[in-house]
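Visitor: I'd like a quick tour of this one, with the cut-offs spelled out as we go.

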Amino acid sequence: MQETASPQTAAPSAIALNGVDVAFRLADGGVYTAVERADLAVADGEFVAIVGPTGCGKSTLLNIAAGLLAPAGGQVNIYGAPLPGLNRQAGYLFQADALFPWKTALENVAIGPETAGMPAPEARARAQAWLTRVGLGAFGDRYPHMLSGGQRKRVGLAQVLIRDPKILLMDEPFGPLDAQTRQIMGNLLLDLWSADRKAVLFVTHDLEEAIALSDRVVIMSAGPAARIIGDWRVPLARPRDISEIKAEPDFQKLHRDIWHMLKAEVIKGYAQAEGV
Amino acid sequence: MSRVTLLALQVMVAVVSLMLWHLLTTVPVFGRVLLPPFFFSNPFDVAHQVYIWFATGVIWKHLWVTLIEAVLAFFIGSIGGILVGFWFARQPRTAAVFDPYVKMANALPRVVLAPIFTLWLGLGIWSKVALGVTLVFFIVFFNVYQGVKEVSPTVLANARMLGMNERQLMRHVYWPSALSWMFSSLHTSVGFAVVGAVVGEYLGAAAGLGYLIQQAEGIFDVAGVFAGMFVLAAFVIVIDTIVTVIERRLLVWRPVAETRP
């Protein structure tokens, strides 16, 4: 078992969480601590996956990094500077459908640049190029409800990436998809990512997906008061093919090692979810 | 059920009802006419009355007046409902302060307002428009309020992460969401605009379908009352069809539930 700290380089981390606590006020006046003293650093250009049992506060951590949620304690630094509010350097791909249902696929992708003040025709042209990149060049005039789950995720990916964020936050983005579509989406993601290596924080409950995609896998314990309990480097060469990499001995060994630790937490998580 | 069968059955319902009406008002059963024509008229007299209205062109003026009143009530009520709905949804404190008064005003039967409006605005179209506005306003208001409140949190978070400021959120998120709620209640609000106009006319006017019905009633002309009702029903169906067409255009992004015969 190898515990690796993130490499201390001169450049500040893209995302640095130092002793972050997350707490929610409950309706009865009590306080629910979701995450306790989380330390996490994502270097520029690094692909980090957070894995943990259901309800452990993985998504909460993402919302902290996005600035959608303020931590109850601790520090959030983005490229060395404290995060004042919304993280303007981050793109966020949500787990649930987040496309604007009243806009077509093309309008959904173009909205980012348009919001930033780009003239509409130019934004449209760029959006069309991005739709083509995610394989939906011919679907620009469809509304989200006319697209399949996988296609909606592609539009979501284009919607986020067209703004060229330096950090990409992903919250179980391929969770609702079927196994084949997940693999295809994973490969598409790696493809797009390798073009300009953004810092990625990818939340998933699927350990295989986490190992196949990322440079580092971070394990969280079951909530409440979830903590980061493991940090594993993934020594697999890139470029990778998600469906093939799972057959490699290195992959399987790493999977076994991490799963050994994760299993106990998953069982704990289920027990809590069922109110035992 | 195929379209043709459906249409045939729909026509059959009308034919059977009209035949029953005709028979019961003209043919004695056991020496007694079950529906005295004085109170129930009969289909031919009613049809004749409708025919005369259209043949002489008298009806157009009344239809026009009712239409104008309903359209004005709809637009004024909608604009008011949208503005106040947005305001309250974005200012929870204001909404909380006004909440009991909104409920009171909404619970009030609008008919009782008609005399007030007649006093204030006279017998012309504006007292009817005002009555329609009080009906339309609340439907639109509640829907817009709900639409702004119930924007999906994920969509909202996404919009913010995409860099939208308050004004852009309004335009790209709150506004479309509120409009979709408003449009989904379009049939109801348009219907109420017509109700407001007709009821207002009935209670005191110089023109309009409600006035026509009220005048016929005043001289015990039951055929005239029924004829007015039929013209009104046809008028409402025409308006409803137009609303359906507009709705389809506006809500093209909405998933349509597949209904199979």
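Guide: Ground rule for strand talk: two strands pair if DSSP finds at least two bridges between them. Helices (H or I, at least four residues) and strands (E, at least two) are DSSP runs, numbered from the N terminus. The model is predicted, with local features needing pLDDT of at least 70, side-chain atom pairs counting only at pLDDT 80 or more, and totals for chains, interfaces and linings using all residues. Residues are numbered from 1 along each chain as its sequence is written, while chains are lettered from A and ligands numbered from 1 in the order in which they are written.

Visitor: Which residue of β4(A) is the bridge partner of A:Leu17?
Guide: Start with the strands: β1 (residues 15–25) and β4 (residues 73–78) of chain A run antiparallel and are joined by five bridges. A:Leu17 has its partner in β4(A), and that partner is A:Val76.

Visitor: Which strands of chain A stand at the edges, each with a single partner strand?
Guide: The sheet is open and antiparallel, with four strands of chain A in the order β2-β1-β4-β5. An edge strand has a single partner, so one side of it is left without a neighbour in the sheet; here those strands are β2 (31–42) and β5 (81–82) of chain A.

Visitor: At what angle to β1(A) does helix α1 of chain A run?
Guide: Helix α1 (residues 58–66) lies across β1, β2 and β4 of chain A. Axes are lines fitted to C-alpha atoms, for helices over the stretch in contact, and angles run from 0 to 180 degrees between N-to-C directions. On that scale, α1(A) to β1(A) comes out at about 115°.

Visitor: Which element gives the largest share of the side of domain 1 of chain A that touches domain 2 of chain A?
Guide: An automatic or database domain assignment supplies the bounds: domain 1 is 1–89 + 166–276 and domain 2 is 96–164. Nine residues of domain 1 of chain A are in contact with six of domain 2 of chain A, contact meaning C-beta atoms, placed from the backbone, within 7 Å. The largest share on the domain 1 side, four residues, comes from α5(A).

Visitor: What omega does the cis peptide bond between A:Arg238 and A:Pro239 have?
Guide: A:Pro239 belongs to the loop between β10 (228–233) and α7 (242–245) of chain A. Most peptide bonds are trans. The one joining A:Arg238 and A:Pro239 is cis, with omega about -5°.

Visitor: Over to chain B: what radius of gyration does it have?
Guide: Chain B has twelve helices and zero strands, and its C-alpha trace spans about 80 × 55 × 35 Å along the principal axes. The radius is taken over C-alpha atoms, and the globule rule is 2.2 Å times the number of residues to the power 0.38. A compact globule of 261 residues would come out near 18 Å, but chain B has 23 Å.

Definitions and conventions
Contact = placed C-beta atoms within 7 Å.
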